[in-house]
Amino acid sequence: MTPDFIVGPLPIWAEILTGFFAVLGAAFAAVGSFGLVRLPTFFRRIHAPTLGATAGVWCLTIATIVYFSVQGYSLFLHAVLITLFVALTAPVTTIFLMRAALFRERQKGGDVPPAADD
Amino acid sequence: MTPILFWALKGALFLLAVAMLCAVWRLLIGPSAQDRVMALDCLYINGMLMMLVLGINYTSNVYFEAAMLIALFGFVSSTALAKFLLRGEVIE
């Protein structure tokens, strides 16, 4: 352990802030994943996990930044990289998945809008 | 670490475990292939969040690299699987 880290307990406000945002982010992720189980069709289910990919990741990033910044006496911004990465990649995955699902539903003759003729 | 943060982190880990179980449930019963791919993507995100909470819990920077790697592999695998569902092959 490097000596420029706080070894003992952190100030109480930092701990409360960290704990609050950690629980909030985990609750967002849990609600999103529960919607994955609960909602009836694929096209409704695909909306649910984005709650964990946006609000959950943001809240846990804030918790991480607060905790490690107070502990190391300097601004800790590594976790923002993860948020940026997820913010860039989650929509790409969702769009690909949505296109695949639409394609497969059309092949099965499901009740989806027809393809734009191009 | 005071009891406030200790129990908050344990609660967050419990909530994330519940979230991962929900995603695994959808992964197992999902009626179509795209349901399973979506559940796998959600499972990756939840696992990455759990890595962040564990990093706070153990006061270790190593968990960020793990979280970053999980996010990276989750994106690549989900995109490849969705592409496979769309075309029948990954790289054309």
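Which element of chain A has the lowest mean pLDDT, and which the highest? In this predicted model, the lowest mean among the elements of chain A belongs to helix 4, residues 78–108, at 89. The highest belongs to helix 1 of chain A, at 92. Taken as a whole, chain A has a mean pLDDT of 86, with 92% of its residues at 70 or more. Chain B averages 90, and 96% of its residues score at least 70. For the model, ipTM is 0.88 and pTM is 0.88.

How do helix 1 and helix 3 of chain A run, parallel or antiparallel? Their axes come within 8 Å and cross at roughly 165°; the two helices are therefore roughly antiparallel to each other. The crossing is left-handed. On the helix 1 side, the residues in contact include A:A14, A:L17, A:F21, A:G25, A:F28, A:A29 and A:G32. On the helix 3 side, they include A:L51, A:G52, A:A55, A:G56, A:C59, A:A63 and A:V70. By class, this contact has 17 nonpolar and six polar residues, and no charged ones.

Helix 3 of chain A also packs against helix 4 of chain A, with axes that come within 9 Å and cross at roughly 175°. That angle makes the pair roughly antiparallel. Helix 3 contributes A:T50, A:A53, A:V57, A:W58, A:T61, A:T64 and A:I65 to this contact. Helix 4 contributes A:A79, A:V80, A:I82, A:T83, A:V86, A:A90 and A:T94. The residues divide into nine nonpolar and five polar, again with no charged residue.

One further residue of helix 4 of chain A may be noted, namely A:M98. Is A:M98 buried or partly exposed? A:M98 counts as partly exposed, because 16 other C-beta atoms lie within 10 Å, whereas a buried residue needs 20 or more. The C-alpha atoms of A:M98 and A:A53 are separated by 16 Å, and the two residues are 45 apart along the chain.

I now move to the contact between the chains. How many residues of chain B are in contact with chain A? There are 43, and they meet 46 residues of chain A. Helix 1, helix 2 (33–58) and helix 3 (62–87) of chain B each supply at least two residues to the side that touches chain A. That side of chain B has 30 nonpolar, nine polar and four charged residues.

Helix 1 of chain A, residues 12–38, packs with helix 1 of chain B, residues 3–29, at an angle of about 15°, their axes 8 Å apart. The two are therefore roughly parallel. Here, too, the crossing is left-handed. The residues of this contact divide into 22 nonpolar, four polar and two charged.

A:A29 brings these themes together. This residue is found in helix 1 of chain A. A:A29 and A:A48 are 19 residues apart in sequence, and their C-alpha atoms are 9.4 Å apart in space.

Two residues of chain B remain. B:W25 lies in helix 1 of chain B and is partly exposed, because 15 other C-beta atoms lie within 10 Å. Its C-alpha atom is separated by 21 Å from that of B:L85, 60 residues away along the chain.

Where is B:T59 placed? B:T59 is in the loop between helix 2 and helix 3 of chain B. Its phi is near 50°, a positive value in a residue other than glycine. With 17 other C-beta atoms within 10 Å, B:T59 is partly exposed.

Notes
Residues numbered from 1 in each chain as written. Chains lettered and ligands numbered in written order. Predicted model: local features only at pLDDT ≥ 70, side-chain atom pairs only at ≥ 80, totals over all residues. Axes fitted to C-alpha atoms, helices over the stretch in contact; angles between N-to-C directions. Helix = DSSP H or I, 4+ residues; strand = E, 2+ residues; numbered from the N terminus. Parallel < 35°, antiparallel > 145°, perpendicular 65-115°, else oblique. Left-handed = near helix turned anticlockwise from the far one by under 90°. Nonpolar A, V, L, I, M, F, W, Y, C, P; charged D, E, K, R; others polar. Buried ≥ 20, exposed ≤ 12 C-beta atoms within 10 Å, placed from the backbone. pLDDT = per-residue confidence, 0-100. Contact = placed C-beta atoms within 7 Å.
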